[in-house]
Amino acid sequence: MASVTKWGKRGIALGAGAAATALVLTGCASSSVSSTDLNGLTIGTTDKITSLDPAGSYDNGSFAVQNQVFPFLMNTPVGSPDVKPDIATKGEFTNDTTYEVTLKKGLKFANGHDLTSSDVKFSFDRELKINNENGPQSLLANLKSIDTPDDTTVVFHLDHADQTWPQVLSSPAGPIVDEQVFSADKLTPAADIVKGKAFAGQYEITSYKENDTIQYKANKEYDGLLGKAKTDEVTASYYTKETDLKLAVQQGDVDVAYRSLTPTDIADLRKDDKVKVTDGPGGEIRYLVFNFKTQPFGTGQSDADEAKALAVRQAVADVVDREKLAKDVYNNTYSPVYSMVPDGLTGAATPFKTLYGDGNGGADVDKAKKTLSDAGVSGKVQLDIQYAPDHYGSTSDDEYAELKTQLENSGLFTVNIQSTVYTTYAVDRTKDAYPVYQLGWFPDFSDADNYLSPFFTKDNFVQNHYDDPKIQKLIAEEQAESDASKRADLIEQAQQQEAEQISTLPLLQGKSIAVAGKDVKGLTLDASFKFRYATLSK
């Protein structure tokens with residue numbers, strides 16, 4: 001059974017929060033560098049960097065930089081969500097709780113230092129020792145100890161069987177750093193990292209102005225899964241406003257704009273023949289949570305009735321029109337999702353599509369009426385739904401207004417929607433204050449388990465009183481199952497079980513969207529949810 005702390009703050013605080021505003025998130029500095037001042041290829045973004053040191057960051061903006069310059073033991077190849085050895089020749093479980101990695105021989109950092117098993121152990125040990133409040137160390141909760149019997153062998157000893165461990169090694173907890181440059185017990189300043197050329201990924205950083213500009217050059221020492229960079233020099237420019245980023249890519253001041261543009265800006269750019277818009281799968285999902293205690297007919301209500309409570313949840317699922325939400329509210333920058341595991345991941349299924357509505361993704365009010373009637377529910381059901389637009393983006397106002405309209409137009413519900421500031425929301429939702437409420441999620445790594453265990457294990461972070469031994473058993477089994485086919489089947493069964501009970505109602509999956517000049521090649525957006533600079537050229 002997965003530890004609660006393993007899910008990490010990115011999944012809970014960002015995935016269930018800030019990362020869910022991916023299309024409206026802005027950075028904190030405006031770039032004034034034009035493309036005429038730069039060589040190679042330019043990337044524009046509104047993301048914010050917390051820290052270049054992997055031990056001090058757990059956010060999309062920082063991880064995007066780290067992905068370019070630090071090596072990983074395991075990584076996701078272009079076009080796949082499933083990990084393979086990166087700077088290793090192999091990684092494998094030698095028993096249920098021991099994972100052994102063999103490094104390639106002769107690995108070096110850009111500064112010429114040898115990269116050995118000692119650096120690997122140092123990298124993970126320092127994350128746990130520093131224990132920075134913004135760091136990713138929670139992902140290492142299952143790590144008991146590390147042995148390094150020789151320079152190319154790393155042995156991880158885990159507390160319990162966990163087939164997601166290879167994915168953890170590709171996550172924000174996984175960058176390997178140079179023990180001759182990085183401090184063992186405190187965060188290392190970006191200036192020291194850059195000066196020390198402590199990089200062994202596809203690129204090294206030659207100039208770093210945090211949240212302004214970063215200049216990269218291809219790292220000739222990189223010897224890993226992803227291959228050599230297609231472009232020798234890349235500059236990333238950071239923008240405060242989405243409108244400025246939109247203008248920059250239109251005018252050719254940046255070659256690629258990635259994270260983040262508003263839905264309206266993206267719709268406009270699709271009509272601009274000077275640029276091309278690329279859509280890819282996104283890891284973010286938006287969903288409703290039902291509190292099993294305080295929802296209509298919930299266990300804490302005076303008229304508590306398990307069958308009626310389930311019927312209410314099922315009727316909501318029958319009535320919701322995800323396509324309309326995606327199109328009318330988000331200009332198709334989101335797509336409908338019919339499971340808590342989004343499309344693109346191994347084991348993803350679509351049980352909410354076949355079980356509810358018209359069986360093909362559309363709404364079916366007559367079916368909802370019958371579901372309620374068969375359970376003995378009469379009259380309109382009062383639904384009180386809470387959401388947090390300051391945390392999930394101002395477009396949440398339109399999203400929940402549309403949900404209210406859909407539910408009330410069915411004639412089956414009376415809906416009261418109310419917004420709350422997130423500082424209050426985050427506390428009150430776990431104290432049974434909200435019968436139905438909004439959450440979002442962005443994964444720690446691209447594995448289906450990261451969309452199951454955080455929500456449906458006994459002590460899940462949602463804390464909505466959903467406690468089902470069957471799904472808990474399925475999750476424990478898929479975490480321990482080493483056969484890929486059998487594990488995918490268990491993951492599908494877990495999705496089916498949850499969909500039949502509806503602890504959460506998945507609504508939308510965010511798309512990963514990039515806008516590029518017509519001469520840019522190699523732009524790839526895939527279910528690894530990582531943006532690779534090294535595939536780009538022009």
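Biologist: How many of the 6 residues of strand β5 are buried?

Modeller: A residue counts as buried under 20% relative accessible area, as exposed over 50% and as partly exposed in between, using a 1.4 Å probe and protein chains only. In β5 (residues 98-103), 5 of the 6 residues are buried, so this strand is largely enclosed by the rest of the structure. Please keep in mind that this is a predicted model: local features need pLDDT of at least 70, side-chain atom pairs count only at pLDDT 80 or more, and totals for chains, interfaces and linings use all residues. Residues are numbered from 1 along each chain as its sequence is written, and side-chain values use heavy atoms, leaving out hydrogens and water.

Biologist: Thanks! Which strands pair with β5?

Modeller: Strands are DSSP runs of E with at least two residues, helices are runs of H or I with at least four, and both are numbered from the N terminus. Two strands pair if DSSP finds at least two bridges between them. Strand β4 (residues 88-95) is joined to β5 by 6 bridges, and the two run antiparallel. A hairpin through 2 residues links β4 to β5, and Asn95 stands opposite Thr98 in β5. Strand β7 (residues 153-158) also pairs with β5 in the antiparallel sense, over 5 bridges. There, Tyr99 stands opposite Phe156 in β7.

Biologist: Now helices: at what angle do α8 and α11 pack?

Modeller: Two packed helices are described by the angle between their axes and the distance between the axes. Axes are lines fitted to C-alpha atoms, for helices over the stretch in contact, and angles run from 0 to 180 degrees between N-to-C directions. Helix α8 (residues 306-319) and helix α11 (residues 365-374) pack at about 175°, with axes 8 Å apart. Angles over 145 degrees count as roughly antiparallel, under 35 as roughly parallel, 65 to 115 as roughly perpendicular and the rest as oblique. The two helices are therefore roughly antiparallel to each other.

Biologist: And what does Asp432 touch?

Modeller: Contact means heavy atoms within 4.5 Å. Asp432, in the loop between α14 (422-428) and β16 (436-441), touches Asn291, Lys293, Thr294 and His465, not counting residues up to four places away in sequence. A polar contact is a pair of N or O atoms within 3.5 Å; within protein, one must be able to donate a hydrogen and the other to accept it, and residues adjacent in sequence count only if both atoms are side-chain atoms. The side chain of Asp432 makes such a contact with that of Asn291 at 3.0 Å, and another with that of His465 at 2.7 Å.
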